[in-house]
Amino acid sequence: MKILVSAKRVSDPNAKLAISSDGTWIEGDVEYVMNYFCENAIECALQLAEEHGDIETVALGIGESDETARFIRQGALARGIDRGILVSADEQTTDSDLIARIYARVAEREAPDLILIGKQAVDGDSNQVGQLLAEYLGWPQATFASKVELKDGEVVVTREVDGGLETLAVTLPAVVTADLRLNEPRFAPLAGIMKAKKKPLDELELDDLELGDAKPKVRIVKMSTPEGRKAGVLVKDVDDLVARLRAEARVL
Amino acid sequence: MTKILVIAEHEKGAPKKLTLNTLEFARQVVAHAGGSYDLAVLGSGVGGVAQALTGYGADAVYVADHPDLAHVLAGPYAKVIADLAQRAGADLVCMSASSAGKDVLPRVAVRLQAGMASDVVGVVQTAQGLAYRRPMWAGNLTGDVVVETPVQVVSVRASAFDALAATGGASPLVEVAADPQAASARVRYVGFEGVVSSRPDLAEASVVVAGGRGLKDRFNQITEPLADLLGGAIGASRAAVDDGYAPNDYQVGQTGKVVAPQLYFAIAISGAVQHLAGMKNSKVIVAINKNADEPIFKVADYGLVADAFVAVPELVGKIKALRA
Ligand SMILES: Cc1cc2nc3c(=O)[nH]c(=O)nc-3n(C[C@H](O)[C@H](O)[C@H](O)COP(=O)(O)OP(=O)(O)OC[C@H]3O[C@@H](n4cnc5c(N)ncnc54)[C@H](O)[C@@H]3O)c2cc1C
Ligand SMILES: Nc1ncnc2c1ncn2[C@@H]1O[C@H](COP(=O)(O)O)[C@@H](O)[C@H]1O
């Protein structure tokens with residue numbers, strides 16, 4: 001069995017971000033981290049491989065080539081993923097749709113039984129790739145997973161949805177997207193970091209994938225910083241709070 | 001001229017309020033670009049829902065009633081919605097960015113060869129045409145995006161739009177023969193474990209009482225009396241959910257629900273960016289935290305530095321006394 005997982009880098013969401021001079025992207029000295037949801041996807045693949053054995057795990061990262069290669073090695077291969085695939089692309093102009101089409105092409109070559117990726121990328125916050133990919137491949141999907149089990153050719157997934165928890169059983173091959181409560185991602189062991197250097201990492205160009213039209217469908221025309229909220233007042237005590245909520249805010 | 005198809009969401013035989021928020025988004029697009037909108041109701045036994053939506057100015061209310069549509073499953077729903085969009089000649093398909101909308105809409109986009117903008121909070125006119133405004137980087141940045149395909153798909157952040165008021169009139173009901181079977185294969189619905197609550201829906205409540213990790217196993221004991229007194233819903237930080245003090249459905253934030261009530265209480269919540277992403281557009285924010293240095297105080301209108309275990313019961317007592 002084969003599982004394809006995702007390894008995307010994102011600019012650290014806790015860092016202060018500056019908008020580029022043309023107003024359509026971020027710039028400056030940005031720190032990057034592994035997209036949190038990819039860490040959950042990677043952890044899930046490793047646990048399934050440990051539990052069931054005989055599962056090959058492959059990580060796909062799409063982005064600026066040197067940096068993305070580093071994230072695939074450190075974030076995925078060092079943790080125990082067997083090998084990596086890098087597709088070099090300009091991160092600014094790859095929308096979720098183009099990413100999904102790249103995944104679909106890679107999936108056609110690799111024929112994985114399960115594709116396990118993040119529910120969203122915490123830079124663009126689109127929450128689309130898994131669903132787009134499932135439709136491109138004509139596969140069933142189970143998104144926002146907080147529990148994943150492999151059973152008799154099916155993957156049984158508990159999903160975090162509005163109102164509670166839904167459970168679906170989908171027949172493989174399938175796409176599953178990971179939510180944060182799926183697991184606690186492990187740290188890469190020191191030995192893993194050494195081993196990762198020798199693991200195979202294929203590099204592909206967009207042209208190799210014969211995407212036809214490798215253009216995004218959605219384009220950012222302007223970025224801005226939302227107006228911040230002004231800090232209000234510190235109240236003295238509960239009486240003061242009640243008085244102000246009543247007289248000033250008029251919400252009581 | 002735009003033709004918009006709005007996908008209705010419903011529960012227990014009635015439309016959800018977020019359908020009306022999504023209709024307001026559609027109304028705003030029409031105000032910018034001209035055109036009109038249709039509604040679509042999918043499900044099993046949904047005639048009443050469709051009937052309830054005939055007074056909102058849609059050219060038509062399409063009804064796709066089929067036993068296989070009883071649960072919102074992405075594959076079959078996407079097929080039926082895309083078929084309907086083609087039949088209606090829609091060039092914009094929208095639904096709220098609920099967990100169902102997020103699950104289903106991207107598949108609709110692929111079927112219609114459309115680009116999709118997620119979690120849209122506004123419609124703006126730009127030199128490059130009509131753009132959709134959407135929060136990115138946990139709401140730290142805002143992007144105006146243009147969708148460059150003839151057909152577009154949008155998920156709408158309901159809390160950013162008022163509910164459209166009934167316009168009167170009577171949209172015709174149009175029954176359509178839905179064909180979800182082909183796309184239903186290979187997915188089996190196993191079950192649902194719902195959160196039972198008599199309180200208002202978190203996404204729709206005008207008061208939200210949210211608790212954080214600091215409340216520990218007294219989460220309910222502290223939040224419930226205040227929520228019940230104010231007729232509010234209960235929310236939680238991710239940490240409170242992770243630690244098992246609150247169900248996942250309560251989570252407010254970047255990866256939970258986005259709310260914008262009249263009054264939001266953040267009790268023992270530190271105010272991480274990911275939490276703020278889900279509540280910073282509330283009208284009035286009250287923070288109760290024992291540590292005065294926490295970032296939550298930077299967004300709160302009223303901050304009280306106090307032990308929540310003491311302050312919240314006292315607050316409940318004082319509001320009750322006031323009302324007596
Ligand atoms: C990708 C990603 C997505 C995320 N999405 C979300 C999300 O959707 N929603 C979300 O909330 N978080 C989210 N988080 C987590 C977020 O970063 C924070 O970890 C989380 O919000 C912290 O929750 P908290 O404030 O309850 O806990 P803590 O940060 O631990 O804060 C507890 C607070 O309680 C106070 N306190 C303790 N005891 C008392 C007392 N007796 N009285 C008064 N105050 C007390 C403390 O002073 C402290 O401020 C996400 C994180 C990541 C990485
Ligand atoms: N550049 C990328 N490389 C690898 N995986 C990606 C990339 N972009 C998105 N993904 C995966 O797709 C998921 C959803 O992304 P999005 O739909 O853009 O929010 C992410 O959590 C990742 O797992």
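Predicted model: local features only at pLDDT ≥ 70, side-chain atom pairs only at ≥ 80, totals over all residues.
Biologist: Thanks. And what kind of peptide bond joins A:L172 and A:P173?
Modeller: That one is a cis peptide bond, with omega at about 0°. As background, most peptide bonds are trans.
Biologist: OK, now β12. Which strand do 5 bridges join to β12 of chain A?
Modeller: The 5 bridges join β12 (residues 174-178) to β8 (residues 114-118), also in chain A, and the two run parallel. In that pairing A:A174 of β12(A) has A:L114 opposite.
Biologist: What is the order of the open sheet of 10 strands?
Modeller: Reading across, the order is β13(A)-β7(A)-β6(A)-β1(A)-β8(A)-β12(A)-β9(A)-β10(A)-β11(A)-β13(B), and the pairing is mixed. At the edges are β13 of chain A and β13 (187-194) of chain B, each pairing on one side only. From one strand to the next, the twist averages 25°.
Biologist: Switching to charge: which residues gather in the patch of negative charge on the surface?
Modeller: A:E64, A:D66, A:D202, A:E203, A:E205, A:D207, A:D208 and A:E210. Strand β13 (residues 201-205) of chain A gives the largest share, 3 residues. A:E203 is found in that strand.
Biologist: Next, the open sheet of 4 strands. What is its order?
Modeller: The order is β14(A)-β10(B)-β9(B)-β8(B), with antiparallel pairing. β14 (218-224) of chain A and β8 (122-126) of chain B stand at the edges with a single partner strand each, so one side of each has no neighbour in the sheet. Neighbouring strands here are turned by 35° against each other on average, ignoring direction.
Biologist: How many bridges join β14(A) to β10 of chain B?
Modeller: There are 6 bridges between β14(A) and β10 (residues 141-147) of chain B, and these strands run antiparallel. A:S224 has B:T142 of β10(B) opposite.
Biologist: Last one, on backbone angles: is the phi of B:K12 positive or negative?
Modeller: Positive, at about 50°, although B:K12 is not a glycine. Most residues other than glycine have a negative phi. You can find B:K12 in the loop between β2 (10-11) and β3 (14-15) of chain B.

Terms used:
Residues numbered from 1 in each chain as written. Chains lettered and ligands numbered in written order. Heavy atoms only, no water. Pairing = 2+ DSSP bridges. Axes fitted to C-alpha atoms, helices over the stretch in contact; angles between N-to-C directions. Patch = residues over 30% accessible without salt bridge, like charges linked within 9 Å, V, L, I, M, F, W, Y side chains within 5 Å. Areas by Shrake-Rupley, 256 points an atom, 1.4 Å probe, with all protein chains shown as cover. Salt bridge = Lys/Arg side-chain N within 4 Å of Asp/Glu carboxyl O. Lys, Arg positive; Asp, Glu negative; His and termini not counted. Charge placed at Lys NZ, Arg CZ, Asp CG, Glu CD.
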